[in-house]
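Please open the model in your viewer and keep the selection tool at hand.

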Amino acid sequence: MNNEKEPDADLFCDSFVPREEDLALDAPADLPDMPDLEVNATLGEVTENGDSATAIVTVAVGANGEVIKGDYRLAITKENGDWKICGLEVGNFEIPGLGG
């Protein structure tokens, strides 16, 4: 079953257009079968200041009893009356066996 879907362009600022290669989800044919993944995202602190805001999103991806957990900081701006993602910064990650 293929659950891949293109991100909604309406979610992003005109100035923040993700590159196609950053969004490509196709794995090379020579990779072994990937385990089923469980992905959870939790919205954390949101700070609004006029027409801009930041939001922390914690993402946890689990497979085979291991979980990789990390934070993303989203830069959000009100554009034409709608809130849109204008930037993304990767924060700390916790990877089993490697520390955080």
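Begin by selecting Ala55, whose contacts (heavy atoms within 4.5 Å), not counting residues up to four places away in sequence, are Leu43, Glu45, Val46, Tyr72, Arg73, Leu74 and Ile76. This is a predicted model, in which local features need pLDDT of at least 70, side-chain atom pairs count only at pLDDT 80 or more, and totals for chains, interfaces and linings use all residues. Residues are numbered from 1 along each chain as its sequence is written, and side-chain values use heavy atoms, with hydrogens and water left out.

Now display the strands (DSSP runs of E, at least two residues, numbered from the N terminus). They form an open sheet of 4 strands in the order β1-β2-β3-β4, with antiparallel pairing (at least two DSSP bridges between two strands). The edge strands, β1 (38-49) and β4, each pair on one side only.

Select β1 with β2 (residues 52-63): 10 bridges link this antiparallel pair. Here Glu38 faces Gly62 of β2.

Finally, select β3 (residues 66-79) and β4 (residues 82-94), antiparallel strands also joined by 10 bridges. Glu79 lies opposite Asp82 of β4. Their hairpin has 2 residues between the strands, and Asn80 takes a positive phi near 55° there.
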